[in-house]
Every structure is written in structure tokens, then in C-alpha cells.
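Good morning, and thank you for coming.

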Amino acid sequence: MGARRRIGAYGLCRDGDRVLLVRGSARSAFPGAWQLPGGGLRHAEHPAHAMARRFVAETGLAVEPTNLRVAVADVLHLAGDTLHTDRLVFDVTVRSGALRAEADGGTDEVAWLSLAEAARLPLTPVTAEVLGLPVTPLSATVPAPPAEGPASADRGQRFAAYGLVTDPAGRLLLTLIAEGYPGGGLWHLPGGGTDPGEQPVAGLLRELVEETGQLGRVVDLLGVDNLHNPAAMGPEGRPMDWHNVRVVYRVLVDVPTAAVVTEAAGGSTARAAWFAPDRVAELPLTEVAADVTGRYRA
């Protein structure tokens, strides 16, 4: 039994009480099932760009994202294979184009549908969940596609969840990346890569305990960060072409304690600490930590 991971990005487009959906073709994992337009990321591609690229291919409409609505994961069991897909769903608005179905692709029909109409059709589970409709499991008939781009031992794609973590006093919780890892010596947001079969929120809260010893609750989804480092030097001992997709949540620790790293020795986190907001600007920060904490302090 093999195990694969894939990242996909999709667009939720509304017109009044109608939503735009596409139907899976005979080439898709779920022929005849309706879903949100979108698809897999190419290596190094930003999720928002992947969503827009697939959206226009499947519908003829050029769209732009207005908000990251949700990040979810699902696992599809195929003959001799297991596929974990991390899915990002954006709210979108139409910029231009004319509605038409995809030609000779993974979808074969496109339509504006009311929720009542959509509820009577077979929907992919993530589509039903996003629309607030009953979720019905579907059986895949053909293997789902992998992430776009050739596989390589020196190339990796990673999905992770991080948190802008605060306590009732407004302090910020940060972690120090250990030497020998990309970004060693910089302060970072708590969080990390999700495990196979793990939802992003669950992965973040697990990492929060392992890296800082804190119990938190997620209160908001802030957005998604995309990082491509074609020559990252880490514990592999050789340059690796890494593509990291990182969702960022707002997290509150209601009862803070002293920040202590609890994960096994040899991990990527050297230490953790609480900081007053006015001290954070003095610290050497990772790019995503500087961006997210800077917006918080502003």
C-alpha cells in the first residue's frame, strides 16, 4: 500500500443564491460528481494562482480570490494506494470571461446551481461540506491525479499549519528554529507540517503542544503563505527544492503557562517564549512571522 500527498486549491463563486459547480468527467476520480472548480498545485505555485488557473480552464471565467474560506484535508483509499489531499477553498469574484465547459479535461460540464438544486446531485465531500449540505461518501473509479510536476528525490512539497498565537494579555508566542534547519536562529510562528490523514487545525494544535507546551483554541483562519526555496539546506545534508504551503490561523491560549519545548530531542524547535508586542520587532524573524506579527501589531 502506497501513500501520496497532494495540495489542491478551489474557488467558491456565488451569484445571488447560486454557486458555480463543475461535473467530473470520465477521466476524473469521481465521474458525474459535481464539485467546486479548481485542482492541484504545480511545484512552487501559489495556491491562489493554481485556483485561478484551474478555474478558467474548467469554466472559461477569470476570477480573483477575495478571501481564504477554509482549509481541509481528506484521504482517498484507492487500490494499492492512499491519497491525502490538503484542500484550500477561496471565495472568488469574476473579472472576465464567458461561461463554457472544459474541453477534454477532468470536468465536462459547468453550471450555476441553487443550493436546493445542488443538494439533489452527487457532490464531492469537500464541496458538500463547504456548501453546508449533507456529505455523502463517494467511491473513486480511477486513481486521482498526483500533484503536477515530476517527482524527484531532491524535490518536495509540504503542507503546514501555523498560528498567530496570543494570550489574554496580548503577548505573542514564538518559537526559535534550531540550527541545522532552514531558518536556523530565527524566531518563527508555532506550528509545522501536518501528518498524513491529519486536518490542518488538529496538526496546528498538536504542534503547539509539542513546541511550546500550550493548549490553544483556533478562532480564525487568517490566510495562506507560499514559500519556494529551490536550494534549502536542512538535515538531509544536501540542497533540497522545497515548496511549502502554509495556512495561518489566529489562536488564543486562554490559560498561558511557561513556554517549554516538549517534542523529542533533535527537533527543529530550539526554544519557545512569550513576548510583549513591542519586543517582537527587535527579534530576528522568519519572513512569514514578520509579516503576520507586523499586521497584528499594526
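Predicted model: local features only at pLDDT ≥ 70, side-chain atom pairs only at ≥ 80, totals over all residues.

Residues are numbered from 1 along each chain as its sequence is written, and side-chain values use heavy atoms, with hydrogens and water left out.

Let us start with helix α1, residues 47–59. Helices (H or I, at least four residues) and strands (E, at least two) are DSSP runs, numbered from the N terminus. The expected span of a helix is 1.5 Å times one less than its number of residues. Among the buried residues of α1 are Met51, Phe55 and Glu58; buried means under 20% relative accessible area, exposed over 50%, and partly exposed in between (1.4 Å probe, protein chains only). Just after α1, Gly60 has a positive phi of about 85°.

Where does Thr124 lie? Thr124 is in the loop between α2 (115–119) and α3 (125–131). Thr124 is buried, at 5% relative accessible area. Not counting residues up to four places away in sequence, Thr124 touches Phe30, Ala33, Trp34, Gln35 and Leu138, where contact means heavy atoms within 4.5 Å. Gln35 is 89 residues from Thr124 in sequence, yet their C-alpha atoms are 5.7 Å apart.

Finally, is Pro230 buried or exposed? Pro230 is exposed, with a relative accessible area of 53%, and belongs to strand β12 (residues 217–233). Leaving aside neighbours within four places in sequence, Pro230 is in contact with Met240 and Asp241.
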